[in-house]
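Thanks for making the time this morning. I would like to take you through the packing in one model, and I will ask you to keep the picture in view while I talk.

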Amino acid sequence: MGIGRGYQLSQALYVAAKLGVADVLVAEPLAAEAIAQAVDARAPVLRRVLRALVAGGVFTELEDGRFASNDAAATLRADAPGGLRDVVINFGEEMYRAFGDLLHTVRTGQTAFDVVFGAPLFEYYAANPQAEASAAARMLARTLPVAAEFAASDVVRDARTLVDVGGGTGTLLAKVLRHRPKARGVLFERPGMLELARGYLAEQGVADRCELVEGDFFSSVPAGGDVYVLKSVLHDWDDERSIAILQSCRAAMDRSARLAIIELLLPERMTPSGPKLSAALLDLIMLAYAGGRERTEAEFTQLLDHARLRLVGTTPLAAGPHVLEAVAA
């Protein structure tokens, strides 16, 4: 039953995050009427949503009927570290609607997102900048803890030029450049994402050491890097297109260059486990949302073989993903 009704509480959480309820309750507890007025909602309806969240551990209802923040609710504030509000909002919109048609994907093999929204994910983003910005905010929040570990790792210890292929707003690249002041970076992305990246990289103080390059990673990627990074890129795509991306990287790499793939790894055999459940659920999201997939280490090795790349190491990160290092075969 908990699994079956999980979407109900997740959508209640989305509503509270989208409306900014946690921000309204920063100063003091408020009645539902006052909260509703501040967020432009109907008080009786909002009260019912908040009571469900209280029962789920988010927010507190006082004896006089007012609602107050708590530790869980505080993470939904716009200024809270970690960007959880952005993640919850993005989960609750296009991703939620696409996942609701998972049955269609299982029956037909068609990506649910394409059917629901009439276009593949990245074509939809190109035509809907607000949706792309929401996805970028989610990825920024989810990348930050990974980026901090990766920047301190031996993988980039001697990096001179790091090429972040499909690196979003440059979250990981900025963290590496701040940690490695002698390194330079190249962010290779689609035009819409590069526009979002300009402000972020300037805000992080690394814009002067980072070149922004627009392009299509199925055709080619910039040459001249000694470390290439694919963070949460290959899981967006099927095997054929993932191999094409890897081949583009291989063509740009000289004999001394290395490729770092940062992805969750599926186990060869699934057992009950929180971390494994997260990876398995993300695999289903990729199935319904982007038409991609999560993979096992053996499956990544097969992709690398097809692209004339050789896996030389796999390192788990405390944040969840693994770093798979590869070199030219």
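**Sheet and helix packing**

Let me begin with β8 and strand β9, residues 322-328, which pair in the antiparallel sense over seven bridges; please bear in mind throughout that this is a predicted model. Within that pairing, T315 has V323 in β9 as its bridge partner.

Stepping back, these two strands belong to an open sheet of seven strands, whose order is β5-β4-β3-β6-β7-β9-β8 and whose pairing is mixed. The edges are formed by β5, at 210-214, and β8, at 309-316, each of which pairs on one side only, and from one strand to the next the twist averages 20 degrees.

Helix α13, residues 191-203, packs on this sheet, where it touches β4, at 184-189, and β5, and the direction of α13 makes about 165 degrees with that of β5. Helix α14, residues 239-252, lies across β3, β6, β7, β8 and β9, and runs at about 170 degrees to β6.

I will turn now to a pair of helices. At what angle do the axes of α3 and α4 cross? For α3, residues 32-39, and α4, residues 43-55, the crossing is at roughly 105 degrees, with the axes coming within 9 Å, and the two helices are therefore roughly perpendicular to each other. On the α3 side the contact involves A32, E33, I35, A36 and V39, which meet A43, L46, R47 and L50 in α4; by class, the residues of this contact divide into seven nonpolar, two charged and no polar.

Conventions. Residues numbered from 1 in each chain as written. Predicted model: local features only at pLDDT ≥ 70, side-chain atom pairs only at ≥ 80, totals over all residues. Heavy atoms only, no water. Axes fitted to C-alpha atoms, helices over the stretch in contact; angles between N-to-C directions. Helix = DSSP H or I, 4+ residues; strand = E, 2+ residues; numbered from the N terminus. Parallel < 35°, antiparallel > 145°, perpendicular 65-115°, else oblique. Contact = heavy atoms within 4.5 Å. Nonpolar A, V, L, I, M, F, W, Y, C, P; charged D, E, K, R; others polar. Pairing = 2+ DSSP bridges.
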